[in-house]
Amino acid sequence: MTPEIAANSTINALKKFPLLKELVIEVVEATQAPIELVLSSALTTISLLCQPLIDVKRPGGIIGPVSLLIFLIANSGERKTTVESIFTSRIREYIKQLNIQHNRGILAWEFKLEAWEARKRRIIKDMAKFDPTATEYLKFEKDLLLHQERKPDRPRAFKPIYEDTTIEALIKGMRLDTPWIALMSSEGVSILKGAFNDFGKINALWSGSNIEVARATVEGCSLYDARLTIGIMVQHDVLREYLGSKGDLARSVGLLSRSLVFHPLSTQGTRFITNKTMNTQVMEKYNTRVTFLLDKAMNRLRNETEEKLIVDFSEDAESHWVSTYNKIEAELQEGGEYERSKDHASKLSENIARVAAILHYFEGGDGTISLQELRSAEKIVLECSKTFRDEFTFMPKLLNDAEILYNWIQSKCPYSLKSFMWIEKNKILQNGPTRFRSASKLNQVLDCLEA
């Protein structure tokens, strides 16, 4: 481990989680990707693995999911895909093997269903020969009801990872196959243009709420005990474009405020060829733990009555969590650190609890989060909070419009002048930015500029 890595605050935050710390260091040294990029991918993967198995009990007795919503902002060439593949390779191989079994199971189910349908048709045909009040009719009716109870269940596929999908396909997959999934991609534009835009359902799934979908033209469905982790790796320009078009709405409904945001400095220009390779022992320890958690998730998929573990806080960790919550709350006041990001601040304490719970459980903890583990999670989440406020704190729309108009007017003044002297309002209405070619909109912006 290089001195730079050893001194990194992110690595130091993982000192209570040796399995994850060793792996992050190995991946950083082998790929020479930014440390925060590697950590964000690790957290997404661990959240995916833990969400079917545990919930976290926060002080006050509130029990909720541990799923995370993570944004990683990194441009092309930062090795996002390489890092993601390292963390998910065992999961994808596990899915591939189970899909082979599932396909065989589907064939068997189709034969059984065909036989069941044929038997149903025969019963209905025999019923039709008798008057509905006849004893024979009532006997066949009883047989039909009993036969309905014996309808073969379609085997569930183990499909916990989605990349490019609509919200309809996502909900259907969670209902028919695996109800605990991750929406993740190293090229996050596909997610931002797809399922992510149904803000209400994404919010509900992040919160662990039940989903009821009713449509007049298609079959409705219900989702209970569903869990959704989201990991979006996206280039900065793509994110800026998304925020410009839908950011205000996504934040106003509370979706973006739930996210952990990483935007590491690039390591390009310092990634020189070395003889470093991945430590196989570290990778094998990680993959062994991954396989163990996947097996437990499969057991829950086959046995829906199996309960999740409730991870709670030790006494001193609970006291510290409450203290942190109160400090954040105090900073919502005018002049406080979170005055302009109250929506985001309201989710910070919950995110701290979620991160602490998944790190604790992934490392094989006993179900009680220690103070040291909580402090580590808090450090990670609060660093993400600083990045969130840099990237996602929006200027009120009127002020933003006023700045755009001011810059446009400045661009029209003679080069010899430092600033414009005057401009005709009609010139703005006729030739100005398209959004201001309406007198009612322009008047508000001019009033703002004058003020």
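Trainee: Which residues does R354 touch, not counting residues up to four places away in sequence?
Mentor: Happy to start there, keeping in mind that this is a predicted model. R354 is found in helix 13, which covers residues 342-362. Leaving out residues up to four places away in sequence, R354 touches P65, V66, S67, L68, W206 and S207.

Trainee: Is R354 buried or exposed?
Mentor: Buried means under 20% relative accessible area. R354 has a relative accessibility of 0%, so R354 counts as buried.

Trainee: What is the order of the strands in the open sheet?
Mentor: The sheet has 5 strands, with parallel pairing. Its edge strands are strand 4 (161-162) and strand 9 (260-262), each of which pairs on one side only. The order is 4-5-8-3-9.

Trainee: Which residue of strand 8 stands opposite L69?
Mentor: Strand 3 (residues 69-73) and strand 8 (residues 227-234) pair in the parallel sense over 5 bridges. Within this pairing, L72 stands opposite M233. For L69, the residue opposite in strand 8 is I230.

Trainee: And what is the bridge partner of I181 in strand 8?
Mentor: Here we turn to strand 5, which runs parallel to strand 8 and is joined to it by 6 bridges. In strand 8, I181 has as its bridge partner L228.

Trainee: How many residues of strand 8 are buried?
Mentor: Look at both faces of the strand. On one side R227, T229, G231 and M233 are buried, and on the other L228, I230, I232 and V234 are buried too. Strand 8 is therefore largely enclosed by the rest of the structure, the buried count being 8 of the 8 residues.

Trainee: How far apart are the end C-alpha atoms of helix 11?
Mentor: Helix 11 (residues 280-302) has 23 residues, so at 1.5 Å a residue it should span 33 Å. The model agrees with this, as the end C-alpha atoms are separated by 32 Å.

Trainee: Which elements do the buried residues of helix 11 pack against?
Mentor: The buried residues of helix 11 include V282, M283, Y286, N287 and R289. Further along, V290, L293 and L294 are among them. These buried residues pack against helix 3 (18-31), helix 4 (35-50), helix 5 (80-127), strand 5 (180-185) and helix 13.

Trainee: At the start of helix 11, which backbone nitrogen does a side-chain oxygen of N279 reach?
Mentor: The two atoms come to within 2.9 Å. The backbone nitrogen belongs to Q281.

Trainee: Is I273 buried or exposed?
Mentor: I273 lies in the loop between strand 9 and helix 11. Exposed means over 50% relative accessible area. With a relative accessible area of 85%, I273 is exposed.

Key. Residues numbered from 1 in each chain as written. Predicted model: local features only at pLDDT ≥ 70, side-chain atom pairs only at ≥ 80, totals over all residues. Heavy atoms only, no water. Helix = DSSP H or I, 4+ residues; strand = E, 2+ residues; numbered from the N terminus. Buried < 20%, exposed > 50% of the residue type's maximum accessible area, 1.4 Å probe, protein only. Contact = heavy atoms within 4.5 Å. Expected span 1.5 Å × (residues − 1). Polar contact = N/O pair within 3.5 Å; in protein donor to acceptor, adjacent residues only side chain to side chain. Pairing = 2+ DSSP bridges.
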